[in-house]
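Good morning, and thank you for making time for this item. I would ask you to keep the model in view while I go through its confidence, its disulfides, its cores and one of its sheets.

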Amino acid sequence: FFVTAVNEFDPQFSQDTYESSILESLEVNSEVVVAECVDLDRSTGALSSIEIISTDQNVTDTFNIDSSTGSITLQQEVDFESVRSYEFTVVCRDVGFNDTAVVRVTIEDVNDNDPEPQPINDITLNDQTQTGTVITTAACTDRDTVDSTITYALSDNLGLFEIATSSGEVNTTGALILDGNTFIQDYELTVMCADSGAAPRTGTTLINIQVYKNDVMPPSFTNLTFTTDVIENATVGLEVITIQANDIDSPELQYSLENENFPGLFAINSSTGAITIAQTLDRERASTYQADVVATEVRVAPGLAQSATAQLTINIQDINDNPPRCDSTLSQLTATITAGNH
């Protein structure tokens, strides 16, 4: 008698579900899990084949399966911050039957991202700022969920500022007083944030600080009004008058003309206060020019500049530059002639 084997058994996976956890740092081609399939009909020659079934291209791009052994390997790098888990189906087929199982792969985080500092706006301080004043707070984020406790440090030891290790608060520790003719002092600090890994990963950002001299007194003019005369045939560019203000603690001032009754007729040098003729003068068109001369502090903290105002009057003197004109209302001249005897 001869007994002939027939294909009568379904291929079967050893489990309904296969679960595996891998580090996101796992190297490509490493084995993730084995989905073992048993086929009792192997003697018939009905060899089974194992495949991954998924419509998700991310799955088919990431994993490969050995069709004979069911060994599932990694064929591209995985990233916990992008995809934290995968789930897909595997099928085991022979010529007439098949079986399926579910595979779940969980990605575990590793410390592979540097902390990311948030940008810090430029800071303006008065040189009388008290020691211990909190001037800003640094902040860093970490995409990793492991070793993600952040600590802060200043890499520049100027002796004037310090940062709280845990909170990132930056405060003054020394006097910022500016002496002599120094009205602005710039500082650049480097904030370093580090994670809590065995080999800490770090990120850095800059803090730009401008310290301005304390400005107490506003500028002032010696007079509140200034008056001068100029002849109407004076040449354009001629200096008519110079008006300057004084400022005890902010000697650099900027001058401007405002509220002009004839805008643009005269110009002022913004640095010296010298006022010059900007257009050809004509007394018959403009006999008196009036404007406010404004002196504004320059080297002070933004938004805190003080100013002073003086009133300027320029009288334009007439010259004999127009011919006489007849009255246009006299349309005719009438004369009476009396004839006498000669």
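**Confidence, disulfides, cores and a sheet**

The protein chain averages a pLDDT of 89, and 88% of the residues score at least 70. Please bear in mind that this is a predicted model. Over residues 1-6 the pLDDT stays under 50, and for that stretch the model has four contacts beyond four places in sequence.

Let me turn to the disulfides. How many does a search of the whole structure find? The search finds two. When the bonded cysteines of the protein chain are numbered in sequence order, the pairing reads 1-2, 3-4.

Cys 37 and Cys 92 form a disulfide with their sulfur atoms 2.0 Å apart. The torsion about their S-S bond is about -90 degrees, so this disulfide is left-handed. The pair links distant parts of the chain, with Cys 37 in strand E4 and Cys 92 in strand E8, 55 residues apart. Both Cys 37 and Cys 92 are buried.

A disulfide also joins Cys 140 to Cys 193, with an S to S distance of 2.0 Å. This link is left-handed, with -80 degrees about the S-S bond. Cys 140 belongs to strand E13 and Cys 193 to strand E17, so the pair ties together parts that are 53 residues apart in sequence. Both Cys 140 and Cys 193 are buried.

In soluble globular proteins, nonpolar side chains tend to be buried together. Here the largest nonpolar core has 27 residues, and the members that touch the most others are Phe 221, Val 230, Phe 266, Ile 275, Val 293 and Leu 312. Strands E20, E21, E23, E24, E25, E26 and E27 each supply at least two residues of this core. Which strand gives the largest share? That is E27, with five residues. Apart from this core lies another, of 24 residues, among them Tyr 18, Ile 22, Ile 50 and Ile 72.

Leaving aside residues up to four places away in sequence, its contacts include Val 230, Leu 257, Ile 275, Tyr 289 and Ile 314.

Finally, the sheet. Three strands form an open, antiparallel sheet in the order E21-E25-E24. E21 and E24 stand at the edges with a single partner strand each, so one side of each is left without a neighbour in the sheet. From one strand to the next, the twist averages 25 degrees. Three bridges join E24 to E25, and Ala 267 stands opposite Thr 276 in E25.

How values were computed:
Residues are numbered from 1 along each chain as its sequence is written. This is a predicted model: local features need pLDDT of at least 70, side-chain atom pairs count only at pLDDT 80 or more; totals for chains, interfaces and linings use all residues. Side-chain values use heavy atoms; hydrogens and water are left out. A nonpolar core is a set of buried Ala, Val, Leu, Ile, Met, Phe, Trp, Tyr and Cys residues joined through side-chain atoms within 4.5 Å. Buried means under 20% relative accessible area, exposed over 50%, partly exposed in between (1.4 Å probe, protein chains only). Helices (H or I, at least four residues) and strands (E, at least two) are DSSP runs, numbered from the N terminus. Contact means heavy atoms within 4.5 Å. pLDDT is the predictor's confidence in each residue, from 0 to 100. Two strands pair if DSSP finds at least two bridges between them. Axes are lines fitted to C-alpha atoms, for helices over the stretch in contact, and angles run from 0 to 180 degrees between N-to-C directions. A disulfide is a pair of cysteine sulfur atoms within 2.5 Å.
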